[in-house]
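Reader: Please take me in for a close look at one part of this model. I'd like to know what sits around it and how the pieces line up.

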Amino acid sequence: MSTQIELLPKGALSEISGTLGSGKTELFLKYLAKQPPSNRIGWIEEQLTIYPCSFLQFGIDLEQVLFAEAAENSLWTATQMLRSRLFKTVAIISKKLDSVSLRRLQLDAEKSGTSVVLLQNTPTLEGAWPIACQIHIQRRQVTVLKNKNKIASTEKLLRMGVQF
C-alpha cells in the first residue's frame, strides 16, 4: 500500500518552476510516485516533450497517465480534464498564462478537488494570488516561494527523497 504525501494542495493551483535541467520534472515525478496507484494523472503540453519511460523509471504506471498534446489549447484541455473529475492531478506545461486563465484554472481545480500543477521555466509572478503553492528550483536547490495552505515545506520535500 502506497503512502500518499500531501506536498501539493488538492483543489488548488500550484506551480513548480525552474530552468531546463533544474530538476522540476524530477521533483514532480517523485511526488506522483508517492501517490496511490489508483490516482489518474493528466499531462498537458503544447507540444509533447516528456519521455513516457521516465514515468516508468519512477514507478508510475503509464495506465494512470493521459498525455495530451494541446497546441495552443492547453487551457481548454485542462478545463475539460478538470470538469471530467477523472483525474487527481493535472500537470500543465505551457507558456505563461494570464491572470484570468490562472483564476479560471483555480476555480475549476476547486470544483473538481484536483491538484493542478503548472511546470514553468520561470515563476509566474511571485506570489500570484490564484496560485496556492509556488516551488522554485535553481541549481538543484529547492525554495518554497509561496505556501498559502502551509502544505509544502522543505522538510516534506526531504521526506519525499528530494535530494539532488
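**A strand and its surroundings**

Author: Let's start with a bridge: Trp-43 has Ala-91, in S4, as its partner. Before going on, bear in mind that this is a predicted model, where local features need pLDDT of at least 70 and side-chain atom pairs count only at pLDDT 80 or more, while totals for chains, interfaces and linings use all residues. Residues are numbered from 1 along each chain as its sequence is written, and side-chain values use heavy atoms, with hydrogens and water left out.

Trp-43 belongs to S2, and S2 (residues 41-45) runs parallel to S4 (residues 89-93), joined by five bridges. S2 also pairs with S3 (residues 65-69), again in the parallel sense and over five bridges; there, Ile-44 stands opposite Ala-68. Pairing here takes at least two DSSP bridges, and the elements themselves are DSSP runs numbered from the N terminus: helices are H or I of at least four residues, strands E of at least two.

So how enclosed is S2? Largely, because five of its five residues are buried, meaning under 20% relative accessible area with a 1.4 Å probe, protein chains only. Ile-41, Trp-43 and Glu-45 are covered on one face, and Gly-42 and Ile-44 on the other. Across the whole protein chain, buried residues make up 49% of the 164.

S2 is also part of what covers the buried residues of H3, along with S3, S4, H4 and S5 (115-120). Those buried H3 residues are Ser-74, Leu-75, Thr-77, Ala-78, Thr-79, Met-81 and Leu-82.

Now for the helix pair. The axes of H3 (residues 74-84) and H4 (residues 99-112) come within 9 Å and cross at roughly 15 degrees; axes are lines fitted to C-alpha atoms over the stretch in contact, with angles between N-to-C directions running from 0 to 180 degrees. H3 and H4 are therefore roughly parallel, the label for angles under 35 degrees. On the H3 side, Leu-75, Ala-78, Thr-79, Leu-82 and Arg-83 meet an H4 set that includes Arg-104, Leu-105, Asp-108 and Ala-109, contact being heavy atoms within 4.5 Å. The residues of this contact split into five nonpolar, three polar and three charged. Just past H3, Arg-85 takes a positive phi of about 60 degrees.

Stepping back, the protein chain has five helices and seven strands, in the order β-α-β-α-β-α-β-α-β-β-β-α.

Methods. Angles under 35 degrees count as roughly parallel, over 145 as roughly antiparallel, 65 to 115 as roughly perpendicular and the rest as oblique. Ala, Val, Leu, Ile, Met, Phe, Trp, Tyr, Cys and Pro count as nonpolar, Asp, Glu, Lys and Arg as charged, and the others, Gly among them, as polar. Buried means under 20% relative accessible area, exposed over 50%, partly exposed in between (1.4 Å probe, protein chains only).
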